[in-house]
Amino acid sequence: FPVTIVFALHAGGNNCRFSTDGLTWTTITSITAGNQRDVVYLPSYNRYVMCNSTGSPSILVNSTPSNLATGWGSGSVVNQPDTLLIAMDYSPELNILVAVGSGGPSRLWTSNDGGLTWVNRNITGNTLRAIVWAKEIGLFITIGTGGAIFYSSNGINWSNVGTNLNNKDWTDIIWIPNLHIFVAGNISASGNELAYSYDRYRDWE
């Protein structure tokens with residue numbers, strides 16, 4: 001985020017806050033409901049986009065970063081994703097924002113105008129919980145329950161990896177650019193697990 005802005009999101013909406021130093025926190029008063037799950041800054045638009053996992057509106061937009069306390073709204077968003085959104089990531093190189101989640105007609109939606117207009121990409125099945133853009137290799141990876149792992153080089157066309165990690169409920173994924181490695185995490189009652197892939201997405205260990 002620009003100028004070192006940190007967000008703390010909270011189930012219930014009315015406890016979402018932001019800070020520029022990690023010490024003093026300001027409440028976002030224009031968000032009063034919903035479970036806000038993720039927020040991204042889009043440098044191409046000087047805009048923030050936040051997603052919600054408890055229904056409509058699933059997307060909130062702030063186009064006035066100087067007013068983060070009250071400048072959030074959904075009125076400018078066309079075709080709100082009919083999905084409980086959990087995570088997002090943005091590719092400045094492709095100018096595409098991808099949001100993933102559970103329920104609805106698709107687990108994955110995209111926007112190429114800074115979060116204002118959304119397109120259903122018809123990914124169904126397991127819940128998708130995390131997504132990451134790896135600009136060094138030009139690839140999106142999204143992961144979720146039941147070992148779900150999808151990839152895309154353009155954010156529009158997605159393919160199922162089909163790995164040996166079936167029945168793992170993946171909760172997060174990161175890209176480590178200097179090592180060219182993806183690392184996925186799984187948190188469950190039976191124990192926490194990690195998996196990694198050196199070859200972009202095909203083989204996981």
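Start at the largest pocket by selecting Asp38, Met88, Ile131, Asp172 and Ile173, which lie nearest its centre among the 20 residues of its lining. A pocket here is an open set of points on a 1 Å grid over the protein atoms alone, where a 1.4 Å probe fits and protein stands on both sides within 12 Å along at least five of seven lines, and lining residues have an atom within 4 Å of a point. The volume of this pocket is about 310 Å³, a volume being the space filled by probe spheres set on the points, which are joined across faces, edges and corners.

The model is a predicted one, in which local features need pLDDT of at least 70 and side-chain atom pairs count only at pLDDT 80 or more, while totals for chains, interfaces and linings use all residues. Residues are numbered from 1 along each chain as its sequence is written, and side-chain values use heavy atoms, with hydrogens and water left out.

Next, colour strand E4 (36-42), E7, strand E11 (128-134) and strand E15 (170-176), the elements that each give two or more residues to the lining of the largest pocket. Strands are DSSP runs (E, at least two residues) numbered from the N terminus, and helices are runs of H or I with at least four residues; the protein has 17 strands and zero helices. If you colour the pocket lining by class, you will find 12 nonpolar, one polar and seven charged residues, where Asp, Glu, Lys and Arg count as charged, Ala, Val, Leu, Ile, Met, Phe, Trp, Tyr, Cys and Pro as nonpolar, and the others, including Gly, as polar.

Now go to the open sheet E1-E2-E3, in which three strands pair in the antiparallel sense. Strand E1 (6-8) and strand E3 (26-27) each have a single partner strand, so one side of each is left without a neighbour in the sheet. Three bridges link E1 to strand E2 (residues 17-19), and Phe7 can be selected together with Phe18 in E2, which stands opposite.

Finally, show the whole protein, where buried residues (under 20% relative accessible area, with a 1.4 Å probe and protein chains only) make up 46% of the 205 residues.

Methods:
Pairing = 2+ DSSP bridges. Buried < 20%, exposed > 50% of the residue type's maximum accessible area, 1.4 Å probe, protein only.
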